[in-house]
Amino acid sequence: MRRHELLVIDRFEDDMAVIEYGQRTFNLPRSLLPRAAKEGDVIKLAVVLDPEATARRKKEVRSLADEVFEKG
């Protein structure tokens, strides 16, 4: 994230928050925000990779694919 651009809660629309980021906006589920969040608040967003969940998901997908192709 560029330092000078902030993530600002522009407004809420039903269960989504409209977030301003520079000249763009995007929607974020309201449930991911703190309960006290309100319009105009500046938020910090951290995205972290989850290698364990990724490995579990890949294993599940591989297992389902094996099941489908073995039966087909």
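What share of the contacts in the protein chain with a separation of 6 or more is accounted for by residues 24 or more positions apart?

*Solution.* Contact here means heavy atoms within 4.5 Å. With that rule, residues 24 or more positions apart account for 31% of the contacts with a separation of 6 or more.

Before you go on, note that this is a predicted model, where local features need pLDDT of at least 70, side-chain atom pairs count only at pLDDT 80 or more, and totals for chains, interfaces and linings use all residues. Residues are numbered from 1 along each chain as its sequence is written, and side-chain values use heavy atoms, with hydrogens and water left out.

**Exercise 1.** List the helices and strands of the protein chain, and say how spread out the chain is.

*Solution.* 
Step 1: Helices (H or I, at least four residues) and strands (E, at least two) are DSSP runs, numbered from the N terminus.
Step 2: Counting them gives one helix and four strands, and along the sequence they follow the pattern β-β-β-β-α.
Step 3: The radius of gyration, taken over C-alpha atoms, is 19 Å, well over the 11 Å that the globule rule (2.2 Å times the number of residues to the power 0.38) gives for 72 residues, so the chain is more spread out than a compact globule.
Step 4: Along the principal axes, the C-alpha atoms fill a box of roughly 55 × 30 × 25 Å.

**Exercise 2.** Work out how the strands are arranged in the sheet.

*Solution.* 
Step 1: Strands of a sheet pair through backbone hydrogen bonds, either parallel or antiparallel. Two strands count as paired if DSSP finds at least two bridges between them.
Step 2: Strand 1 and strand 2 pair in the antiparallel sense over six bridges. In this pair, valine 8 stands opposite glutamate 20 in strand 2.
Step 3: Strand 2 (residues 16-21) also pairs with strand 3 (residues 24-29) in the antiparallel sense, over six bridges. Here glutamate 20 faces threonine 25, and isoleucine 19 stands opposite phenylalanine 26.
Step 4: Put together, the four strands form an open sheet with the order 3-2-1-4 and antiparallel pairing. Its edge strands are strand 3 and strand 4 (42-43), each pairing on one side only.

**Exercise 3.** Find the residues with a positive phi in the two hairpin turns.

*Solution.* 
Step 1: Strand 2 and strand 3 form a hairpin with two residues between them, and glycine 22 in the turn has a positive phi of about 65°.
Step 2: Strand 1 and strand 2 form a hairpin with two residues between them as well. Look in the loop between strand 1 (7-13) and strand 2 for aspartate 14, whose phi is positive, about 55°, although it is not a glycine.

**Exercise 4.** Is aspartate 14 buried or exposed, and is glutamate 5 buried or exposed?

*Solution.* 
Step 1: Buried means under 20% relative accessible area, exposed over 50%, and partly exposed in between (1.4 Å probe, protein chains only).
Step 2: Aspartate 14 has 72% relative accessibility, so it counts as exposed.
Step 3: Glutamate 5, in the segment before strand 1, has 13% relative accessibility and therefore counts as buried.
Step 4: Leaving aside neighbours within four places in sequence, glutamate 5 is in contact with Tyr21 and Gly22.
Step 5: For the whole chain, buried residues make up 17% of the 72 residues.
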